[in-house]
Amino acid sequence: MEVAVLGLGYVGAVAAAALAITGKKVIGIDVDYHKVTAFQAGRVPFYEPGLAELVEQAKRAGNLFFATPKEIEALDAQVAFICVGTPSQPNGAADLSQVRAAVQWVRDKFRDPGVLVMKSTVPPGTGRRLVAQYLSGGDKRISYVSNPEFLREGQAVHDWFYPDRIVIGGEDPKGIEMARSLFTGIEAPVVITDITSAELIKYAANAFLATKISFINEIANLCEKLGADIADVARAIGLDPRIGPSFLQAGIGYGGSCFPKDVRALDFLATANGHSFELLRAVINVNNRQRLLPVQKLKERLGDLAGKRIAVLGLAFKPGTDDVREAPAIDIVRLLLDEGAEVRVCDPLALENARSVLPAQVTLAPSVLAAIAGSNAVVVATEWPEFIHFDWEEASRCMQPPRLVVDGRNCLDVAAIAGCSLEYIGIGRRVRVMKELTR
Ligand code: UGA
């Protein structure tokens with residue numbers, strides 16, 4: 001079987017390489033010439049663990065090729081995966097221009113009747129509209145299938161081969177069967193549904209996870225008022241299997257290229273359909289507020305931040321990626337600069353990406369120690385293992401009073417930090433821990 005994959009971001013590139021190593025002939029297509037030439041040369045032009053090896057394996061098997069759309073006259077493929085971006089518009093709605101262009105292009109280039117598999121996250125209702133606008137009528141019969149992806153950045157290769165579920169939405173049994181056959185050998189429950197439900201499943205999943213995060217963040221904020229400890233509260237409620245332990249890590253909130261945009265798009269879609277989704281509004285508001293907390297906490301403790309030296313550890317929206325899109329850290333740095341603070345930042349992977357979005361007066365430090373040296377306070381904005389296991393004794397020696405550590409991800413050992421003569425401030429955590437009592 002031959003497959004064309006349009007859009008070589010982390011979803012498209014993983015899909016292309018994974019399908020190729022399972023025996024399909026795959027052509028990866030992207031409008032970005034530099035991306036295509038990088039893949040052709042065997043280089044992955046962004047950070048995604050395991051992807052370079054997968055691409056190499058697929059190329060060695062002679063199954064994976066790359067091209068720009070201009071280089072392709074006609075597509076011999078039976079299946080085309082659409083994996084292009086659906087960024088936010090200023091009003092929160094998803095921008096579908098790349099999706100529309102890709103669908104039209106596939107329609108025009110398919111040599112034979114084929115299956116168009118939509119992996120891009122598109123608002124519910126989009127698939128039906130695309131079919132009506134571009135795929136019905138004409139002489140080619142093209143089946144449209146919605147197959148939302150649930151890959152996490154940084155773990156996308158693993159998630160492809162070990163998904164929790166495979167969702168296939170379609171109206172045409174042949175198209176559904178063809179899409180299903182692409183996942184032969186992957187063990188996971190398969191949910192077959194209509195196109196609109198498949199599209200909604202993706203938004204509902206991301207919105208639910210975002211809701212869990214904002215919920216636990218509100219409980220953390222309440223912990224601060226009540227003198228309770230969020231780490232204990234989250235652990236105990238997560239032991240209830242109906243709640244589950246994941247996505248209960250309180251802190252400065254969610255970021256990245258997915259949750260913020262998808263939650264906003266769902267809110268927009270609900271409003272456009274005459275439904276005011278109050279819960280989602282609250283999720284967004286809580287998340288926007290959470291990332292302000294480190295600066296508020298620093299001001300409460302240090303007063304005027306003008307001239308204060310602050311180190312921000314972590315710029316990526318989560319560990320294991322170099323992605324800084326909608327990362328809380330970037331907003332925190334900007335806010336600190338607005339307050340007149342002198343800011344140094346470091347990140348094991350995201351420094352280069354952050355360089356283009358951060359104001360020039362920020363110092364990009366090559367190491368944790370270089371960022372921390374001489375600072376009055378440190379803000380941990382991403383829970384990288386390098387920060388969790390850092391020698392905080394050494395940090396204490398090279399910092400200036402009052403030696404504050406604002407743990408925006410609640411990832412540090414409170415007792416160990418306090419034991420190093422550093423002042424610990426978390427999000428909803430009690431500083432005086434009573435671990436021995438709970439043992
Ligand atoms: C997310 C979903 O988890 C994937 O299933 C989905 O396919 C993807 O979006 C997408 O729509 O493409 P990702 O954006 O890679 O994946 O990131 P997550 O690992 O889900 O984390 C999102 C954000 O939530 C991060 O900023 C993380 O720090 C934050 N988070 C996560 C918390 O603040 N607390 C938690 O307990 C968990």
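A salt bridge is taken here as a side-chain nitrogen of Lys or Arg within 4 Å of a carboxyl oxygen of Asp or Glu. By this criterion, Glu153, Asp323 and Arg325 are linked in a network of salt bridges. The structure is a predicted model, in which local features need pLDDT of at least 70 and side-chain atom pairs count only at pLDDT 80 or more, whereas totals for chains, interfaces and linings use all residues. Residues are numbered from 1 along each chain as its sequence is written, and side-chain values use heavy atoms, with hydrogens and water left out.

A residue is counted as near a molecule or strand if one of its heavy atoms lies within 4 Å of it. The ligand has 21 residues around it, of which Leu151, Glu153, Lys202, Asn206 and Cys258 come nearest. By class, this shell comprises 10 nonpolar, four polar and seven charged residues; Ala, Val, Leu, Ile, Met, Phe, Trp, Tyr, Cys and Pro count as nonpolar, Asp, Glu, Lys and Arg as charged, and the others, Gly among them, as polar. Secondary structure elements are DSSP runs numbered from the N terminus, with helices (H or I) of at least four residues and strands (E) of at least two. Helix H8 (195-226) and helix H10 each supply at least two residues of the shell, and H8 gives the most, with three residues.

A backbone N or O atom of glutamate 153 lies 2.8 Å from an oxygen atom of the ligand. From the side chain of asparagine 206, an N or O atom is 2.8 Å from a ligand oxygen atom, and a polar side-chain atom of glutamate 149 lies 3.0 Å from an oxygen atom of the ligand. On its own the ligand has 720 Å² of accessible area, 91% of which the protein covers. Accessible areas come from the Shrake-Rupley method with a 1.4 Å probe, and for residues only the protein chains shown count as cover.

In the whole structure, 23 salt bridges are found. One of them joins glutamate 423 and arginine 301, with the closest N and O atoms 2.8 Å apart. Because glutamate 423 lies in strand S14 (residues 423-425) and arginine 301 in helix H12 (residues 293-302), this pair ties together parts that are 122 residues apart in sequence. Residues are classed by relative accessible area as buried (under 20%), exposed (over 50%) or partly exposed (in between), with a 1.4 Å probe and protein chains only. Glutamate 423 is partly exposed at 29% relative accessibility, and arginine 301 is partly exposed at 37%.

A further salt bridge, between glutamate 342 and arginine 309, has an N to O distance of 3.3 Å. Glutamate 342 belongs to strand S10 (residues 342-346) and arginine 309 to strand S9 (residues 309-313), so the pair ties together parts that are 33 residues apart in sequence. Glutamate 342 is partly exposed, at 42% relative accessibility, as is arginine 309, at 23%. The two strands pair in the parallel sense over five bridges, pairing being assigned if DSSP finds at least two bridges between two strands. Valine 312 stands opposite valine 345 in S10. Strand S10 is mostly covered, with four of its five residues buried.

Within helix H13 (residues 328-338), arginine 334 and aspartate 331 are three residues apart and thus separated by about one helical turn. Their side chains meet in a salt bridge with an N to O distance of 3.6 Å. Arginine 334 is partly exposed, with a relative accessible area of 34%, and aspartate 331 is partly exposed at 29%.

Backbone geometry was also examined. The peptide bond from proline 401 to proline 402 is cis, with omega near 5°. Proline 402 lies in the loop between helix H17 (392-398) and strand S13 (404-407), and arginine 403 is placed in the loop between H17 and S13. Arginine 403 has a phi near 55°, a positive value in a residue other than glycine, and is partly exposed, with a relative accessible area of 23%. Phenylalanine 247, with phi near 60°, likewise has a positive value in a residue other than glycine. Phenylalanine 247 is located in the loop between helix H9 (230-238) and helix H10 (259-272) and is partly exposed, at 33% relative accessibility.

Key. Polar contact = N/O pair within 3.5 Å; in protein donor to acceptor, adjacent residues only side chain to side chain.
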